Amino acid sequence: MADRANFVVVRESGEHELHLSRFGAAGLDLGLLAGPAAVLAMVEGLSATDWWLDDVLCQGAALIDLGRKVLLLFAWEGPSTELRLRAATLELLREAWEGWEIRWAYDGNAELRAHLGLDPELVRDRAAPVVPGPFLEPDDEEFTEPAPMVAVVTVGSGQCFVVAHADDHPIREGLSLLYRLPDAPKHEVCRAAARAGLHIDPVRRRIGWWTLGATAEAYEMPTRWPGWTVEFWQDRWEQHVQAAAGRFQPPTVEPELARKEVRDRRR
């Protein structure tokens, strides 16, 4: 399967160049740790294109704005999408891109186009159906992985569920998610280093959700939950831990060990 990624270079003049890598999404975050000069040389070696990958096909992207010194990126995999390594990876990126603003594009390629003043709708696939991930049993083998591809769903202070996160974020299901919960296997607590999650407060009809990747139409989720207040926590999974009243307890993050692991992966 191709790991397609778009790269954009914005010159000081404001003109931009679009590039395509058919295998550039895997390791995109690690590659960016090389710093501006090396990354710019790499991107300029890619084929120029006018093909903006859409919400379905784009698995990673980076925009390098030389005038405003902004690096805008997202990825579907890599240490930046792993709970234990997320903060360390972004910290190392800020060090490698000293003086630059590092921003995560939670809305994928649409957010890159918005940065350029272009219409985000070009990369929307509004016709693409939502693909709900299956609920996992507490003994599912996915939990043996150090960074399992799962999303945690907690309800009030008493219920916890875990969803396979190879497909859409459960927030995109809207109210349909609520109808799936009664038959889903329950977890006493989720201790996995999840990559995404949401907390449902049925009394106040409030939802908070987060992701370490990108979610199509990320800032439009309130429209999928009519009558509910939807708060986007971006990558602040700690807010989920606080809201879930003990139902979500991911492993403790060790900052120095995380930095070392990210550096080791880059070698």
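What is the strand order in the open sheet of five strands? The order is β8-β7-β9-β10-β11, with mixed pairing. β8 (159–164) and β11 (229–232) are the edge strands; each has a single partner, so one side of each lacks a neighbour in the sheet. From one strand to the next, the twist averages 15°.

Ground rules. This is a predicted model: local features need pLDDT of at least 70, side-chain atom pairs count only at pLDDT 80 or more, and totals for chains, interfaces and linings use all residues. Numbering runs from 1 along each chain as its sequence is written, and side-chain values use heavy atoms, with hydrogens and water left out.

Strands are DSSP runs of E, at least two residues; helices are H or I, at least four. Pairing needs at least two DSSP bridges. β10 (residues 206–211) and β11 pair in the parallel sense, over four bridges.

Now the largest pocket. Its volume is about 780 Å³, as filled by probe spheres set on the grid points. A pocket here is an open set of points on a 1 Å grid where a 1.4 Å probe fits, with protein on both sides within 12 Å along at least five of seven lines; lining means an atom within 4 Å of a point. There are 34 lining residues, with D55, W76, D167, D168 and A214 nearest the centre.

Last, R247. R247 sits in the loop between α6 (237–243) and α7 (255–266). Buried or exposed? R247 is buried, at 18% relative accessibility; the cut-off is under 20%, with a 1.4 Å probe and protein chains only. Its side chain reaches the backbone oxygen of S157 at 3.2 Å. The backbone oxygen of E188 lies 2.7 Å from a polar atom of that R247 side chain.

Key
Axes fitted to C-alpha atoms, helices over the stretch in contact; angles between N-to-C directions. Buried < 20%, exposed > 50% of the residue type's maximum accessible area, 1.4 Å probe, protein only. Polar contact = N/O pair within 3.5 Å; in protein donor to acceptor, adjacent residues only side chain to side chain.
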